[in-house]
Amino acid sequence: MKVLEVRSLRKVFPGERSIIALEDVSFEVGKDEFLCIVGPSGCGKSTLLRMVAGIESANGGEILFHEKPISGPNEKITMIFQHFGLLPWKTALENVRLPLEVHGIPNEEARKIAIDYLGKVGLGDFLDTYPHDLSGGMKQRVGIARALAMKPEILLMDEPFSSLDELTASTLRREVLRIWADSNLPTDTFLMVSHNVSEAVFMADRVLIMSPRPGKVVEDVKVDIPRPRTEHARDPKFFDTVEYIIRVIEKACGGKLPGCEINDGIG
Amino acid sequence: MHAFGFVMGLLAILSLYILVISVVHNPEISNLPYYTLRTLARISATYLIALVTGLFFGLLATTKTGSMILIPLFDVLQSIPILGYFPAAIIFFISAFNGAEIGLELAAMLLLYTSMEWAIFFGVVGAVKNIPTNIVEAAKSFDLKGYGYIRHVVLPAIVPSLISGSTLAWGDGWFFMIAAEYITYGGKNYSLPGLGSYLAKAAYVYGDTNLAIVLLIIITILVVYINFLTWHRLTEKAGSGTYKPILRTDWPKGLALSGIRRFTHMPHIPRIHLSFGFRHAILSSPRRGIYSRLEKGMAVVTVIALIFFVATVAKPGLPSLDEIRGSLLIPEMANLPFYTACTLTRLTVAYFISLGIALSMGILAAEKKGFAMIFYPIYDIGQSVPILALFPILFVSLSQIFGGILGLEITSLTMLVADMIWYLFLNIVTAVKTIPDEIREVSQLIGMKGLQRVRHVVLPAIRPAVVTGSMLSWATGWNTVIFSEYMSYGPKVLWLPGLGSFLDKTALQEGNTILLGFLLLIMTALVIALDRLIWRRLLRKAERYAVEVM
């Protein structure tokens, strides 16, 4: 069953030198699916994610959520951010409560839900701690609790592990997979943007490869490695898939080495 | 493009001058170009001296011993309201040169110099302290030492803050120009040829408000023109070479380069330096204004010594204890608490009016991007108006409507607001602009509506900026309050009850230097106490939960 459908999406950033960020991007995401989008910097993958979240508008094409076009933020689609996006002036608990209260959930109930979800991500003892005093991994846990507490159907993740150290990142990756597999939680469709290919292969059912600007989907790779993948991470199949995806990205970049482009401040 | 703008601007200004000279009827109007050049020369010469000494002391203050002495010293010195010790300087220079013009010129330059020096000095110190550790370590690993280190690491690092410090200093120079050029002392008016004194004379001597307004507009145009020619272009150029991370804003790049932004040559990022100003230079250093007891003690001793120096050179011979007692125990001293309360109330009222306006503008800028686009040009022109020069114009017109005292009170408050608002405004609008994208996106994603967004995101995000802006606006407010509580035109003297007018009366009418020093000490103590007890505490608290810039 498809939950999300992206149809010939186009995005242009206007300006003196207008930039086509996305061109004719189409794909579908099924229920219970874990989809990862990879591509070189500036290919518009983060923009794409924001369009799904309803906080960035399209210049053509459409995104359907349960067959209905997305026109703005939807409480059934939430997001976690690369730099966590926590309000520094609010405690962990207040950060998780805020979206609930904005959506009209009574204070007492919002508090209960927030405590429950912070407990689920292992932060039961840090309810009244400010982000300033939390480690990177803990901040991202607050971000995850905040996103899950809304009981969304789709969880969007914008390079959620790239500002964490590798050990923390690897723990959190497994935790996110555990949450994804947890049938008690209503959130079962995950959409992640990453530029870490092994991370994508480790976590996703499907990996969508995008080309540099204007961003297009160049290939849709199904990752056929049984789960739990921790046991298969030394499998030749794992490395072959990673290798294959890197090849495709390099080809899409026209033989140029990714990372050699000049930073133009976009993407 | 720049050359074109330069020529067009110059032509426009020249034709404006020709127009004004041929249309306005005033015996001195033909001297307008001469006055302009005198004022320009006065401010430029003082600026150059301030630049060189600021750079020198600033670099000296980054050495271990230097920082122990210079930073606390300059920190206390910059807390002394400049216009408070100006009367003492006038008394000294006028008597030293028997009232010759050179004495006045030196007094004026001293006033301008002290208004300029701190911004440059603290800019340099702050910039050197903010050189990232990795750059310092990289330089060490390549064995860059002594001159090489200064040449390749320190100097490039201080260029942006030297420019923003200079922008501030230059602006302060124009701000104090009228106070420096037109002096009333002992019932007599002294004036130096210049735009400021001409403006004052237009209002007081000729009673020609229209001419005063024309002059104010000319001065503003000159300031804006020179700013665009120099500081803005320099700021733009320096922007790409700073160590500061480029703050992410949600202005698409294309937009940032187009429209008003390009038209006005508004530098995008480097304004951050400016907004945090020179006071922030000490706060942002790891020491964060917490000085050791030794440093504090030394600073206090130095200041007392300095005040005594000023007081005694002005009145040769060390005053005896009786003399001191006699000077201090005048009947009016009984009013001191009342005067202090008046001045504090005046400042507080003006501060809250300014804060209210600046906050509303900041929130508007946060909620509607279009407003942010127009606010920067407004700031640019608004802060270029030399506020002190508004004084004669406002007073002459307001006193006709409300009568002398009420007119003066309204003038004083208006001037305080017009002066205090810019620091708040700039800091708040800058803070709004630097709210990280992710935080904006979160608030959008959560679906927060206007008021919720203001309460949960905008207000907390700008809190540190409000505190920084408040510190700066109070600092400048003290000067304006001294200037605006006391008014003497022709034979008449009007004054509002307050510390500022007490100080002016003491110095300018009675020449009581001991009392002058005492009042100055009180005022400085008030400034420092407010700073330490209120602003620095609030700042430390606000910064704890401030947005971390990625």
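1. pLDDT is the predictor's confidence in each residue, from 0 to 100, and chain A averages 87 on that scale, with 94% of the residues at 70 or above. Over residues 262-267 of chain A the pLDDT is below 50, yet beyond near neighbours in sequence this stretch has nine contacts in the model (C-beta atoms, placed from the backbone, within 7 Å).

2. This is a predicted model, in which local features need pLDDT of at least 70 and side-chain atom pairs count only at pLDDT 80 or more, while totals for chains, interfaces and linings use all residues. Residues are numbered from 1 along each chain as its sequence is written, and chains are lettered from A and ligands numbered from 1 in the order in which they are written.

3. Chain A has an open sheet of six strands, with mixed pairing, in the order β6-β7-β8-β3-β9-β10 (strands are DSSP runs of E, at least two residues, and helices runs of H or I, at least four, numbered from the N terminus; two strands pair if DSSP finds at least two bridges between them). Its edge strands, each pairing on one side only, are β6 (77-80) and β10 (217-222) of chain A.

4. Within this sheet, strand β3 (residues 34-38) of chain A runs parallel to strand β8 (residues 189-194) of chain A, the two being joined over five bridges; A:L35 has A:L191 in β8(A) as its bridge partner. Helix α4 (residues 136-149) of chain A packs on the sheet and touches β6 and β7 (154-158) of chain A, its direction making about 175° with that of β6(A) (axes are lines fitted to C-alpha atoms, for helices over the stretch in contact, and angles run from 0 to 180 degrees between N-to-C directions).

Key. Two residues are in contact if their C-beta atoms, placed from the backbone, lie within 7 Å.
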